[in-house]
Amino acid sequence: MTDAKALHRDLMKALLTHLPRSVYGDIRRVVTLAWAIVGLCLTRTVRLTAWAEIVEGRATYAASRVRRFARWLHHPAIDPTLWYPPLLTATLRDWTPETRCYVALDTTVLGPFVLIRAALIYRGRAIPLAWKALRHASAMVSFEAYQAVLEQVRTVLPTQSRITLLADRGFLHEQLIRYTRQQQWHYRIRMPGSTLIQRPQHAMRAVEQLRPAPGQAHFYHNVSIFGSAIGPVHLVVAQPLDAPDDPWYIASDELTSQQTLDE
């Protein structure tokens, strides 16, 4: 048995164990999905022509195998929002409520579109949890644009998970801070240098005015941010030696330390 066929056999066993028949309907759809995963793993590319070279079956011509994948990808019965959650639930079934889940919220610009993605960080890898594509001019998106992604995350992760949201400065919105509080999530969010902060017994100023010397990091606790003075928030301001033009300004709901930078 070839490596491809052995991998396909193992994937079929796993997929049929966790995918309800009410989701896939026709077993041939699962067969094609398994071959797509085999092709992706063995060729490390998303080119259907490369996957077609891996598939073992009755089709003689590669073009026929390419059309098979193309039809599957465009089939109206293949709805990722129905197929993916059962597999994700099975993957995370052994996670206990005490396990802290780090969820990274990020955007990727693809031509005229922006992909908003939330991914579970695990052993240096990003496991997709939820995503949304929209036509948008830049990677900066509003809270309303990605709130649905956060709602999907909330439904797919185990109940009572200790979630810590990681996000870059484009996601720093007052609505996001309030949302994390409502869901009892933790957060670590980078801030633009222009973000207004107010420390106890100090005047309001931009966080970039607290920028430390190269190679140093300062930690501020129980401050308020934005003109609306939302708080208490805890901050890290750091100036990496290897990135003098890219200082780090991080907002956290928990007391900050060196570990906050590691996170």
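Me: What covers the buried residues of α8 in this predicted model?

Reply: The cover includes α7 (143-156), β4 (162-167), β5 (186-190) and β9 (230-238). Contact here needs heavy atoms within 4.5 Å. As for what is being covered, the buried residues of α8 (residues 174-183) are Leu-176, Ile-177, Tyr-179 and Thr-180.

Me: Why is Val-38 called buried?

Reply: The cut-off for buried is under 20% relative accessible area. Val-38 has 0% relative accessibility, so it counts as buried. You'll find Val-38 in helix α3 (residues 27-43).

Me: Which residues is Val-38 in contact with, leaving aside its neighbours within four places in sequence?

Reply: Those are Ala-4, Leu-7, His-8, Leu-11 and Ile-54. Take Ala-4: Val-38 and Ala-4 are 34 residues apart in sequence, yet C-alpha to C-alpha they are 6.5 Å apart in space.

Me: How do you know that β1 and β2 pair?

Reply: Two strands pair if there are at least two bridges between them. Strand β1 (residues 100-110) and strand β2 (residues 113-122) have nine, in the antiparallel sense, so they pair. As an example, Ala-104 has Ala-119 in β2 as its bridge partner. The two strands form a hairpin with two residues between them, and Gly-111 in the turn has a positive phi of about 65°.

Me: What joins β2 to β3?

Reply: 10 bridges do, with β2 and strand β3 (residues 125-135) running antiparallel. Leu-120 stands opposite Ile-127 in β3. Here too there is a hairpin with two residues between the strands, and Arg-123 in its turn has a positive phi of about 50°.

Me: In what order do the 10 strands form the open sheet?

Reply: The order is β3-β2-β1-β4-β5-β10-β9-β8-β6-β7, and the pairing is mixed.

Me: What makes β3 and β7 edge strands?

Reply: Each has a single partner strand, so one side of β3 and one side of β7 (205-206) are left without a neighbour in the sheet. And α8 packs on this sheet, touching β4, β5 and β9, with its direction at about 110° to that of β9.

Me: How many bridges pair β5 with β10?

Reply: Three, and β5 and strand β10 (residues 248-252) pair in the antiparallel sense. Arg-188 has Ser-252 in β10 as its bridge partner.

Definitions and conventions:
Residues numbered from 1 in each chain as written. Predicted model: local features only at pLDDT ≥ 70, side-chain atom pairs only at ≥ 80, totals over all residues. Heavy atoms only, no water. Helix = DSSP H or I, 4+ residues; strand = E, 2+ residues; numbered from the N terminus. Buried < 20%, exposed > 50% of the residue type's maximum accessible area, 1.4 Å probe, protein only. Axes fitted to C-alpha atoms, helices over the stretch in contact; angles between N-to-C directions.
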